[in-house]
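Trainee: Could we go through this model together? I would like to begin with the aromatic residues and then move on to other contacts.

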Amino acid sequence: MQVEGYQHRHAGHCESGVMSALLSHQGLELSEPLAFGLSSALVFAHFPFVRVGGVPLTSYRMPPGHIIKGLERSLGVRMTRRRYRDPARGMRELDELLDAGRPVGLQTSVYWLPYFPPDMRFHFNAHNLIICGREGDDYLVSDPVVEHPQRIARADLEKARFVRGPFAPRGLIYFPTDVPQSVDLAHAVPRAIRRTLNINTRLPLPVVGLPAIRRMAKTLREMPRRHPDPRYQRLYVGSIVRMQEEIGTGGGGFRFIQGAFLQQAGHALDDERLHAAAEAMIAAGDQWRKFALRGARLVKAKQPTAQGFAELADELLACAEVERKAFEALRSTL
């Protein structure tokens with residue numbers, strides 16, 4: 001039986017979609033773009049020293065859990081989180097919360113969610129979803145990236161919650177326990193924008209923000225000389241594109257969500273500067289999509305060439321420039 005009053009919401013990204021749905025169910029109507037933007041989740045990061053599948057980790061948003069913590073800080077929401085060593089206890093407490101009429105957010109592994117098509121399952125252990133009811137040993141799943149609610153068997157859900165590996169969920173469940181009934185956007189929006197700017201333009205780290213984009217462009221340009229193995233070249237570029245276009249909403253998509261946040265904030269605060277910043281951020285998303293398309297073509301090439309990598313690096317530098325202009329537009333709103 002589904003939790004009374006809960007409504008499934010289709011969203012672009014799992015964590016922002018889950019928080020939007022959970023807070024709205026508790027009476028704080030919050031769109032996904034507002035959940036994403038107010039948590040200051042937008043970033044670019046490329047970590048040569050962190051390997052996933054043999055290649056460096058690339059990310060277009062802050063780490064898993066940041067949106068939840070960011071909304072706690074930005075809105076004054078209080079969240080309860082629980083992790084478990086004992087899977088049986090974790091499943092039992094999930095049942096108790098559902099029986100008490102509370103929808104619950106979970107961190108899971110995509111690989112063990114049977115409602116995903118087989119070719120879309122991979123070992124990514126930080127996928128967020130909501131369990132909004134149960135019938136016997138079947139659970140009702142409100143997954144924001146899936147259009148309609150789904151069902152999952154108890155055994156499959158337990159595997160998805162207690163899988164091991166990077167970002168292992170350890171049975172994580174979370175839910176809001178104290179939710180304000182309104183948001184002071186005039187106060188929250190500038191604070192969120194300032195944090196986003198600090199993360200992307202002021203951190204003294206070459207692996208985060210605009211410096212990381214330019215550094216990765218240099219790596220791509222030098223790829224034929226430093227890593228002549230075509231298999232590794234394809235794997236490296238393919239990982240960047242996959243992280244952008246397939247995992248979550250991806251690089252361009254996150255920029256579009258940030259643009260929608262600025263549009264909604266601009267309407268609420270009647271501020272034309274926010275609308276101008278939104279257009280600049282959407283332009284950044286468009287440029288990232290161009291980069292992904294060129295990268296996908298290079299991966300499919302029989303023999304990647306030095307010219308191909310040089311053109312891909314140029315496309316990435318264009319991303320850095322358009323993103324720089326978007327951040328300048330953001331700064332002007334302060």
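Trainee: By about how much of a helix are Tyr-232 and Tyr-236 separated, and why?

Mentor: Tyr-232 and Tyr-236 are separated by about one helical turn, because they are four residues apart in helix 8 (residues 230–245). Helices (H or I, at least four residues) and strands (E, at least two) are DSSP runs, numbered from the N terminus. Please note that this is a predicted model, in which local features need pLDDT of at least 70 and side-chain atom pairs count only at pLDDT 80 or more, while totals for chains, interfaces and linings use all residues. Residues are numbered from 1 along each chain as its sequence is written, and side-chain values use heavy atoms, with hydrogens and water left out.

Trainee: Are Tyr-232 and Tyr-236 buried or exposed?

Mentor: Both tyrosines, Tyr-232 and Tyr-236, are buried. Buried means under 20% relative accessible area, exposed means over 50%, and partly exposed is in between (1.4 Å probe, protein chains only).

Trainee: How many aromatic pairs are there?

Mentor: The count is nine aromatic pairs. Rings of Phe, Tyr and Trp (its six-membered ring) pair if their centres lie within 6.5 Å; planes under 30 degrees apart count as stacked, over 60 as edge-to-face and the rest as tilted. One of the pairs is Tyr-111 with Trp-112, which is edge-to-face, with 5.1 Å centre to centre and 85° between the planes. Tyr-111 is partly exposed at 33% relative accessibility, and Trp-112 is partly exposed at 30%. The ring planes of Tyr-232 and Tyr-236 stand at 45°, with centres 6.1 Å apart, so that pair is tilted.

Trainee: Which residues do ring pairs link into a cluster?

Mentor: Phe-44, Tyr-60, Trp-288 and Phe-291 are linked in that way.

Trainee: Which residues does Phe-291 touch?

Mentor: Leaving out residues up to four places away in sequence, Phe-291 touches Met-216, Leu-220, Ile-240, Gln-244, Leu-312, Glu-315, Leu-316 and Cys-319. Contact here means heavy atoms within 4.5 Å.

Trainee: Which residues touch the most other members of the largest nonpolar core?

Mentor: They are Leu-38, Leu-71, Leu-220, Tyr-236, Leu-262, Phe-291 and Leu-316, in a core of 74 residues. Helix 11 supplies the largest share of this core, 10 residues. A nonpolar core is a set of buried Ala, Val, Leu, Ile, Met, Phe, Trp, Tyr and Cys residues joined through side-chain atoms within 4.5 Å. Another core, of 23 residues, lies apart from it and has among its members Leu-106, Val-110, Tyr-139 and Leu-157.

Trainee: Let us change topic. How many salt bridges are counted?

Mentor: There are 19 salt bridges, each being a side-chain nitrogen of Lys or Arg within 4 Å of a carboxyl oxygen of Asp or Glu. One of them joins Arg-154 to Asp-95, with the closest N and O atoms 3.0 Å apart. Arg-154 lies in helix 5 (residues 154–161) and Asp-95 in helix 4 (residues 87–99), so this pair ties together parts that are 59 residues apart in sequence.

Trainee: What does Glu-311 meet in a salt bridge?

Mentor: Its partner is Arg-294, at 3.2 Å, N to O. Glu-311 is partly exposed at 32%, and Arg-294 is partly exposed at 31%.

Trainee: And the strands: which way do strand 3 and strand 8 run?

Mentor: Strand 3 (residues 78–82) and strand 8 (residues 173–178) run antiparallel and are joined by five bridges. Two strands pair if DSSP finds at least two bridges between them. Arg-82 has Ile-173 of strand 8 as its bridge partner. Strand 4 (residues 104–108) also runs antiparallel to strand 8, with two bridges, and Leu-106 stands opposite Ile-173.
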